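Below is a short briefing on one protein model.

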Amino acid sequence: MKKIKTSSLFASVLLLIGMSSCAQNNPDQKATKGIAVLELFTSEGCSSCPPADELLGKIQNENKDGQVYVLSYHVDYWDRQGWKDIFSNQEYTRRQYDYAKWLGKEPIYTPQVVVNGKKDYIGSDEVTVRNAISSALSKPATAEVTLKTTTVNNKLNVHYSVNGISKNSRLLLAVVQKSAKSNVKRGENANRVLSHYQIVKELHSVALKNNGNGSTIVAAPKDFIAKDFEVIGFVQDTNSGAILGAARAENN
């Protein structure tokens, strides 16, 4: 009798091990991976910003299809210093002030990188930024985001599905120009040709309803060409600023 119980227990253990092994090797069963959303606040009028722009461009190039998402916001408060940044937008300055409130960090500055809405770093500090990315990726995301876009008459129809929403979370959709160059004539970067990456041209906010599923229309930028742009969506807690999940949109 004792031997029978031991054999049954041994068989059960083998079965559990086998099931665990199958689950780990099952391509259809996926855990929610960690994400790193890097939001760079930059300006063509800031002499400290080009190294940060180049670093974020390099990081983007290394992670084109990965779980690292780069967003560059060109703020407008440098526009009064002798050169108007052609990509600047007051809305992005307001977003940086939102982070000052969420993070308790004032005054605001450039180049500032905020990772997953939780911590900020000097955007040109490569070692620190890369360590922050590794740390962010090591923690599973709490929301899963799926996006699909269709372009019709210069408008982007974005279908979204979000699992893991809360009452304080919103979906933000960034229409991003992958790269551009600018010939700066005045200001701190006078007579330089600057390279920019992952430039946010539109930032659209969506209130999540219907269990996180729905669609919305986003205006395409005037210079929109599908191959030169992408849509990145991320879910943010509006109380803390923490980013809960993110994804790149699939194009239909």
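The expected span of a helix is 1.5 Å times one less than its number of residues. Helices (H or I, at least four residues) and strands (E, at least two) are DSSP runs, numbered from the N terminus. This is a predicted model: local features need pLDDT of at least 70, side-chain atom pairs count only at pLDDT 80 or more, and totals for chains, interfaces and linings use all residues. Residues are numbered from 1 along each chain as its sequence is written, and side-chain values use heavy atoms, with hydrogens and water left out.

**Helices**

- Helix α3 has 14 residues, so at 1.5 Å a residue it should span 20 Å; its end C-alpha atoms are 20 Å apart, in agreement.
- Buried means under 20% relative accessible area, exposed over 50%, and partly exposed in between (1.4 Å probe, protein chains only).
- The buried residues of α3 are Tyr92, Thr93, Arg95, Gln96, Tyr99, Ala100, Trp102 and Leu103.
- At the start of α3, a side-chain oxygen of Asn89 comes to within 2.8 Å of the backbone nitrogen of Glu91.

**Sheet around β5**

- Two strands pair if DSSP finds at least two bridges between them.
- Strands β5 (residues 144-152) and β6 (residues 155-163) run antiparallel, joined by nine bridges.
- Val145 stands opposite Val162 of β6, and Thr151 has Leu156 as its bridge partner in β6.
- Two residues lie between the strands of the β5 and β6 hairpin, where Asn153 takes a positive phi near 50 degrees.
- β5 also pairs with strand β12 (residues 250-251), in the parallel sense, over two bridges.
- Thr149 faces Asn251 in β12.
- The open sheet has four strands in the order β9-β6-β5-β12, with mixed pairing.
- Its edge strands, β9 (213-219) and β12, each pair on one side only.

**Ser182**

- Ser182 sits in strand β7 (residues 169-184).
- Its relative accessible area is 5%, so Ser182 is buried.
- A polar contact is a pair of N or O atoms within 3.5 Å; within protein, one must be able to donate a hydrogen and the other to accept it, and residues adjacent in sequence count only if both atoms are side-chain atoms.
- The side chains of Ser182 and Glu44 make such a contact at 2.9 Å.
- Beyond neighbours within four places in sequence, Ser182 is in contact (heavy atoms within 4.5 Å) with Glu44, Ile86, Arg192, Val193, Leu194 and His196.

**Nonpolar cores**

- A nonpolar core is a set of buried Ala, Val, Leu, Ile, Met, Phe, Trp, Tyr and Cys residues joined through side-chain atoms within 4.5 Å.
- The largest has 28 residues; Leu71, Tyr73, Val200, Leu203 and Phe234 have the most contacts inside it.
- Elements giving two or more residues to this core are β1 (36-42), β2 (68-74), α3 (90-103), β7, β8 (192-207), β10 (229-237) and β11 (243-248).
- α3 gives the most to this core, with five residues.
- A second, separate core has 22 residues, among them Val158, Tyr160, Val162 and Val206.
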